[in-house]
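Keep the 3D view open as you read.

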Amino acid sequence: MIMNPTAIKHVVVDGHSLTLESFVAIARYNATVELAPSALEAMQKSRALAEKIAAEGRVAYGITTGFGEFQKVAVPKEMSNQLSTNLILSHCTAAGEPYADEIVRGMMLLRANALCGGVSGVRPLLVEMLLEMLNKGVTPIVPQKGSLGSSGDLAPLAHMTLPMLGKGEAMYEGVKMTGAEAMAKAGIATLDTLVSKEGLGMTNGTCAMTSVGALALYDSICAAQLGDVIASLSMEGLTGLRNAFDPRIHQVRGQKGQMLVAANMRKLLAGSEILDNCQSDRVQDAYALRCIPQLHGACRDALEYVREKVEIELNAVTDNPLMFLDDEAVISGGNFHGEPMALPFDFLGIAASEIADASERRTERMVNPALSNGLTAFLTTQAGVNSGFMIVQYAAASMVSENKVYAHPASVDSIPSSANQEDIVSMGTTAARKAKMILQNTQDVLADELLTACQAIDIRRRLNTHGQGLTPLHEAIYQHVRKEVAFYEVDREIWPDIRAVEKMIRSGELLDIVKEYIPDFE
């Protein structure tokens with residue numbers, strides 16, 4: 001069950017308590033944040049240890065040594081601050097279009113939350129600055145490309161850090177400006193320099209990939225829920241057989257997601273006059289209808305697995321080295337490595353792709369007179385002169401095929417870096433970015449199916465071969481669509497209709513309608 005993140009208005013950041021919903025509330029819906037006193041205390045103790053190590057000149061990666069292959073180079077104490085600052089200046093090498101504001105806000109939140117763990121050795125000031133930037137709406141400009149996903153998202157996080165130093169670029173009140181200008185307008189003092197360990201503290205970590213992937217996960221969960229709803233509306237348009245959703249079938253297999261989706265379909269289709277009055281000589285439907293629980297259910301199980309991994313990572317400490325107070329140990333490890341997220345985000349993309357696959361097949365059945373159980377060809381009223389919904393299916397098929405390319409896993413690839421010191425990398429950020437692209441296509445394919453299903457319902461009613469009545473929920477969704485999009489009587493510019501329904505899919509308004517009629521819908 002996913003709760004509505006818009007209901008969350010304020011979050012206390014402590015390093016341990018972020019959920020997917022609270023993350024989305026802050027990143028997308030601008031919920032305010034504050035630092036937990038316990039996290040402040042933990043960071044103060046950790047910083048004191050970092051300063052002690054630096055003062056004693058102990059060999060500690062990134063504090064008294066260089067980075068990557070330069071781990072062999074000792075750095076004098078008086079150069080430690082310059083070392084941290086140079087890390088940011090030299091690592092801001094990302095390219096491409098900038099990330100959306102919500103993704104960068106998510107990165108900032110995750111970096112702050114990770115540092116709250118109190119084992120990173122940075123000043124609490126850095127976390128306080130990040131939270132203040134979130135609350136006041138200063139969002140760094142971060143290009144999308146350039147991360148190998150190990151040692152974390154180095155280039156994106158360096159760009160994220162630049163405005164804190166009065167450098168780089170940022171958005172403030174909807175305007176792009178220099179980082180220094182944005183911070184000044186928001187009334188946030190910038191830093192002249194970072195101090196020892198802080199360069200690593202700000203750039204080591206999986207915050208970019210996790211932010212992209214967590215937002216894509218939330219939207220994929222919503223898309224999966226809508227997939228059930230839209231599929232059930234298509235069932236009415238196609239006069240599908242409900243016996244495939246009998247609980248006994250699904251109980252004897254025992255797959256959790258399958259049983260959930262079958263239960264959803266029974267709720268969604270209860271009381272359908274069209275289906276109640278359907279006289280069919282069919283014993284069973286094609287897979288795109290009959291196997292909705294098996295297809296959608298497998299995707300639900302995949303999304304649940306990804307959610308489990310994401311919610312761990314939302315509260316993970318992912319920089320290096322880490323410091324432990326009990327014995328003053330400074331341990332170099334690899335928590336920045338993105339592999340624990342790379343595989344789930346590849347799986348996320350595959351799951352979202354399959355939701356689109358099934359949706360496009362139902363759209364094809366509605367427009368194909370050989371498969372539609374009596375609907376007109378391409379859902380037209382005047383065939384020949386009018387093409388009707390012919391090319392709606394083409395567009396959906398195009399996006400489904402594009403998803404097949406994107407769904408190739410990024411995590412199986414690697415390329416060595418830093419003179420082979422970093423010799424196997426995760427490509428987790430690529431996996432997350434691909435999952436987001438797949439999800440966007442999937443939302444559009446679902447919009448095509450919803451638009452087509454409403455047209456099919458109208459054609460079915462005009463033919464009057466079955467009862468006229470939809471289920472109450474379906475009637476509400478149908479009327480919601482028809483407020484924006486009229487019946488497609490003759491060919492007209494159809495793209496505004498498609499855009500209107502795409503907006504409904506992305507806004508969450510359709511799921512709000514569903515919850516009104518089926519409060520326990522999952």
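**From surface patch to inner spaces**

Start at tyrosine 305, which sits in helix α14, residues 292-313. The coordinates are those of a predicted model. How exposed is tyrosine 305? Its relative accessible area is 33%. Tyrosine 305 is therefore partly exposed. A patch residue needs over 30% relative accessible area and no salt bridge. Tyr305 belongs to such a patch, together with Phe347 and Ile350. The patch is nonpolar and covers about 250 Å² of surface.

Glutamate 354 has a relative accessible area of 35%, so it counts as partly exposed. Along the chain, glutamate 354 and glutamate 41 are 313 residues apart. Their C-alpha atoms are separated by 47 Å.

Now turn to the open spaces. The second largest pocket has a volume of about 570 Å³. Its lining holds 29 residues, and those closest to the pocket centre are Tyr218, Cys222, Ser507, Gly508 and Leu511. Which helix gives the largest share of this lining? The answer is α9, with nine residues. At least two residues each come from α9, α17 (428-463), α19 (495-507) and α20 (509-517). What is the make-up of the lining by class? The second largest pocket is lined by 14 nonpolar, seven polar and eight charged residues.

How many cavities of 30 Å³ or more does a search of the whole structure find? There are four. The largest cavity has a volume of about 50 Å³. Follow its lining along the chain. Leu110, Arg111 and Ala114 take part, as do Thr206, Cys207 and Thr210. Glu313, Leu314, Ala316 and Thr318 are in the lining as well.

Two helices supply at least two residues each to the lining of the largest cavity: α4 (101-115) and α9 (207-237). The largest share belongs to α4, with three residues. Sorted by class, the lining of the largest cavity has five nonpolar, three polar and two charged residues.

In the second largest pocket, α9 gives the largest share of the lining. In the largest cavity, α9 supplies at least two lining residues. Trace α9 in the view to pass from the pocket lining to the cavity lining.

Methods. Residues are numbered from 1 along each chain as its sequence is written. This is a predicted model: local features need pLDDT of at least 70, side-chain atom pairs count only at pLDDT 80 or more; totals for chains, interfaces and linings use all residues. Side-chain values use heavy atoms; hydrogens and water are left out. On a 1 Å grid over the protein atoms alone, a cavity is a set of points where a 1.4 Å probe fits but cannot get out, and a pocket is an open set with protein on both sides within 12 Å along at least five of seven lines; lining residues have an atom within 4 Å of a point. Grid points are joined across faces, edges and corners, and a volume is the space filled by probe spheres set on the points. Helices (H or I, at least four residues) and strands (E, at least two) are DSSP runs, numbered from the N terminus. Ala, Val, Leu, Ile, Met, Phe, Trp, Tyr, Cys and Pro count as nonpolar, Asp, Glu, Lys and Arg as charged, and the others, Gly among them, as polar. Patches are made of residues with over 30% relative accessible area and no salt bridge: like charges are joined within 9 Å, nonpolar side chains (Val, Leu, Ile, Met, Phe, Trp, Tyr) within 5 Å. Accessible areas come from the Shrake-Rupley method with a 1.4 Å probe; for residues, only the protein chains shown count as cover. A salt bridge is a side-chain nitrogen of Lys or Arg within 4 Å of a carboxyl oxygen of Asp or Glu. Buried means under 20% relative accessible area, exposed over 50%, partly exposed in between (1.4 Å probe, protein chains only).
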